[in-house]
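Please read the points alongside the coordinates.

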Amino acid sequence: MEVSIVEECGFCFGVRRAIRLAKEATCQHEGIYSLGPLIHNRQVVDQLSAAGLSVADDLREVPDGATLMIRAHGAGPEVYQQAQARNMQIIDATCPFVDRVQRKARQFTEMGYQVLVLGETDHPEPRAIVEHSQGRAIIVESPQDLKKLSLDANVAVVAQTTQRRENLEALVVALLPQVEELVVANTICEATTTRQQASVAKAREVDLMIVVGGYHSANTRRLAQICQATGTATHHIETAAEIDPQWLAGVATVGVTAGASTPREAVQAVAERLHELAENGNRGEADDHQF
Ligand code: SF4
């Protein structure tokens, strides 16, 4: 069985930067908190927690004067205001590409546009983007959501950084006949697009795709969806231990890809486990033939 890892996969620039800032912070400060898990990867969050980075689900759980890390997804202006008012030291790991979406949403709102954020309603990144637009932008998940809205004449669109370009194109096509003026900022980050394209290309070549990454990671879930959509059997796992040997029955080629918050070691461990299972399978077959 041939196992190949998609070259463009795993940690992106923003996640690498957030982890570097967190590691530096744990060497320099005590009492460090991130508002929500720093990245959507349990194993990495556990390692950082052992180094001294605690996860707070709410700002009220963070003591006054503590060090607060803002994660790559960003946070709304109120979080910064409240943290400053409570003398917290802020380490801002908001990815510069996420910061750009927040600025675009704010600018378009100030220019009088009705701002639509293409993204997941329950994800912290689009929610923070809305807060940066004075709470006025509206999150839409797909063109179908437009039916529930009363659209203004002038509409601006931004996208959660991990969206698929096809989703953005579909939203634009649906909006065009319904508005007088439409402004679109393609805020999907390059790392997302290249990872999605490379993973789809791999999925089209192989018999089976394994997508490695946190179950809460939006970009990993999306990678799994788009690989599955090629028609190739696809499994989303967090660790190598979850691979079911039965998935490999009759499979000659396996592609492995990973979300932007997945460390390279986790991807490597999956590839090694697949090789191990393939070898065991071959040995089993050879034994069978001896009977
Ligand atoms: S996926 Fe893109 S926007 Fe998100 S953290 Fe990584 S580089 Fe930044």
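1. The buried residues of helix 8 pack against helix 7, strand 10 (208-212), strand 11 (233-237) and strand 12 (253-258); contact requires C-beta atoms, placed from the backbone, within 7 Å. Helices (H or I, at least four residues) and strands (E, at least two) are DSSP runs, numbered from the N terminus.

2. This is a predicted model, in which local features need pLDDT of at least 70 and side-chain atom pairs count only at pLDDT 80 or more, while totals for chains, interfaces and linings use all residues. Residues are numbered from 1 along each chain as its sequence is written.

3. Within helix 8, the buried residues (20 or more other C-beta atoms, placed from the backbone, within 10 Å of their own) are Ala 218, Asn 219, Thr 220, Arg 222, Leu 223, Ala 224 and Cys 227. After helix 8 comes Gly 231, with a positive phi near 100°.

4. Around the ligand are 15 residues, of which Cys 12, Gly 14, Cys 95, Thr 161 and Cys 189 come nearest; a residue is near if its C-beta atom, placed from the backbone, lies within 6 Å. At least two residues of this shell come from each of helix 1 (13-28), helix 4 (96-110) and helix 7 (190-205), and helix 1 gives the largest share, three residues.

5. The axes of helix 4 and helix 5 (residues 124-131), lines fitted to C-alpha atoms over the stretch in contact, come within 8 Å and cross at roughly 35°. Val 98, Val 101, Gln 102 and Ala 105 of helix 4 meet Glu 125, Ala 128 and Ile 129 of helix 5.

Notes: A residue is buried if 20 or more other C-beta atoms lie within 10 Å of its own, exposed if 12 or fewer, and partly exposed in between; C-beta atoms are placed from the backbone. Two residues are in contact if their C-beta atoms, placed from the backbone, lie within 7 Å. Axes are lines fitted to C-alpha atoms, for helices over the stretch in contact, and angles run from 0 to 180 degrees between N-to-C directions.
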